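Have a look at the sequence and structure below, then work through the exercises one step at a time.

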Amino acid sequence: MRAIILIMDSFGVGATPDADTFGDTGSDTLGHIAEYCATGRAGQGRHGPLTLPNLEQLGLGLAGQLATGKLPAGFNPNPVIRAAYGAAKEASSGKDTPSGHWELAGVPVRFDWGYFSEPTDTFPQSLLDNLVRRANLPGYLGNCHSSGTVILDRYAQEHMTSGKPIFYTSADSVFQIACHEETFGLERLYQLCEIAREEVDPYNICRVIARPFVGDARSGFTRTGNRHDLAVEPPADTVLKKLVDAGGSVIAIGKISDIYAGVGISQKMKANGLDALWDATLEATAQDNDDSIIMTNFVDFDQNYGHRRDISGYAAALELFDRRLPELYPLLRDDDVVIITADHGCDPTWPGSDHTREHIPVLVYGKQIHNGSLGIRESFIDIGQSLATWFGLPPFSEGISFLNKASPR
Ligand SMILES: O=P(O)(O)O[C@H]1O[C@H](CO)[C@@H](O)[C@H]1O
Ligand SMILES: [Mn+2]
Ligand SMILES: [Mn+2]
């Protein structure tokens, strides 16, 4: 038996009851994209209503309706349903990527991460001094909150001439370092991030992220697929770790391995871009790998469209994802389950550039699945608990399974 878990990074389906504590009441990644499409306000590079026929059959529109009370614009109120569908609230205190991923693997993050919250002069001087000394740097640029593309417009040229790395953060518990792959060097950036990982540990920071880029002032600067996240380890055993400990395997595609700090991962497949991530997912699913979890993070939704507040881009990416989905079906076996979900929201119509506190969709497809509503799930932990049940692993102390133990072939 296998579980194929597809994380549509940042694809929320409507604000949770606790969204007010995050300033996110009314945010709705799916609902707002659908509304903008339906009213002709998402027409760059695409046109018309948001068209996701395959996800609709898995209950996406109804999951949105469960979360918000309102069917997303353009969705059929009575679709043919081929899956179990629901929407889940988050138990973790943050709305960041690791919290979301760890929680859906059974391990919520109830402690508070450390944050660098000052908008400018953001990082403690002693941290900056230690980095300059230990990595032998000529200084640094940034030292502020910023979107990762905006900060390149501001500092990339100066970085190239001075050799000073760009340090920045966001509302997340992150220390991000942007450097030019050629002038600064990719390996040197990774080494700097290793040092930074050690230096931010006392501040309880979840991730150090290498954000390499290429280009020049004339042709513009672009970030590359060589991003690398150095996360701390999950605070308890995830369902991935439980499966590997029991002799199964976990195939991590895209940034999944980074997010779980490599813990509970048997094999990594890197891929850059939605199509390449789909190709890798299909390749892994086509292999004979019984007793395994295949897990893919589709980061583009978040990184290229959600944070960039690019509504048309997000809609087009969803439509591409939906078009590729049917390629998965012929590769599935009778004792496989597919779970399509997310880790938080990132409503591209929302002010600012950060994540939004939202329900995630929980779409569950497989021959052994009873189609129909799973309702509102109290936490993402239900996904991890369901996987523990499915694979016959030791259960988590909380979370309610929506799966039965798989009947093997
Ligand atoms: O603006 P960029 O660099 O894409 O940063 C985004 O990516 C980081 C990690 O997900 C978050 O801090 C978020 O703000
Ligand atoms: Mn994320
Ligand atoms: Mn993000």
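## Pocket exercises

The second largest pocket in this predicted model has a volume of about 250 Å³.

**Exercise 1.** Find which residues lie nearest the centre of the second largest pocket, and which strand gives the most to its lining.

*Solution.* 
- Step 1: Start at the centre. Of the 22 residues that line this pocket, Ser-170, Asp-172, Gln-176, Arg-211 and His-307 lie nearest to it.
- Step 2: Move on to the elements. At least two lining residues come from each of strand E5 (174-180), strand E6 (207-216) and helix H11.
- Step 3: Pick the main contributor, which is E6 with 3 residues.

**Exercise 2.** Sort the lining of the second largest pocket into nonpolar, polar and charged residues.

**Exercise 3.** Now describe the largest pocket: what is its volume, and which residues are closest to its centre?

*Solution.* 
- Step 1: The volume of the largest pocket is about 540 Å³.
- Step 2: Its lining holds 28 residues, and Thr-224, Gly-225, Arg-227, Asn-272 and Gln-303 are the closest to the centre.
- Step 3: Two or more lining residues come from each of helix H6 (150-162), strand E7 (220-223), strand E8 (228-231) and helix H11 (300-306).
- Step 4: E7 provides the largest share, 4 residues.

**Exercise 4.** How many residues lining the largest pocket are nonpolar, polar and charged?

*Solution.* The lining splits into 6 nonpolar, 13 polar and 9 charged residues.

Technical notes:
Residues are numbered from 1 along each chain as its sequence is written. Chains are lettered from A and ligands numbered from 1 in the order in which they are written. This is a predicted model: local features need pLDDT of at least 70, side-chain atom pairs count only at pLDDT 80 or more; totals for chains, interfaces and linings use all residues. Side-chain values use heavy atoms; hydrogens and water are left out. On a 1 Å grid over the protein atoms alone, a cavity is a set of points where a 1.4 Å probe fits but cannot get out, and a pocket is an open set with protein on both sides within 12 Å along at least five of seven lines; lining residues have an atom within 4 Å of a point. Grid points are joined across faces, edges and corners, and a volume is the space filled by probe spheres set on the points. Ala, Val, Leu, Ile, Met, Phe, Trp, Tyr, Cys and Pro count as nonpolar, Asp, Glu, Lys and Arg as charged, and the others, Gly among them, as polar.
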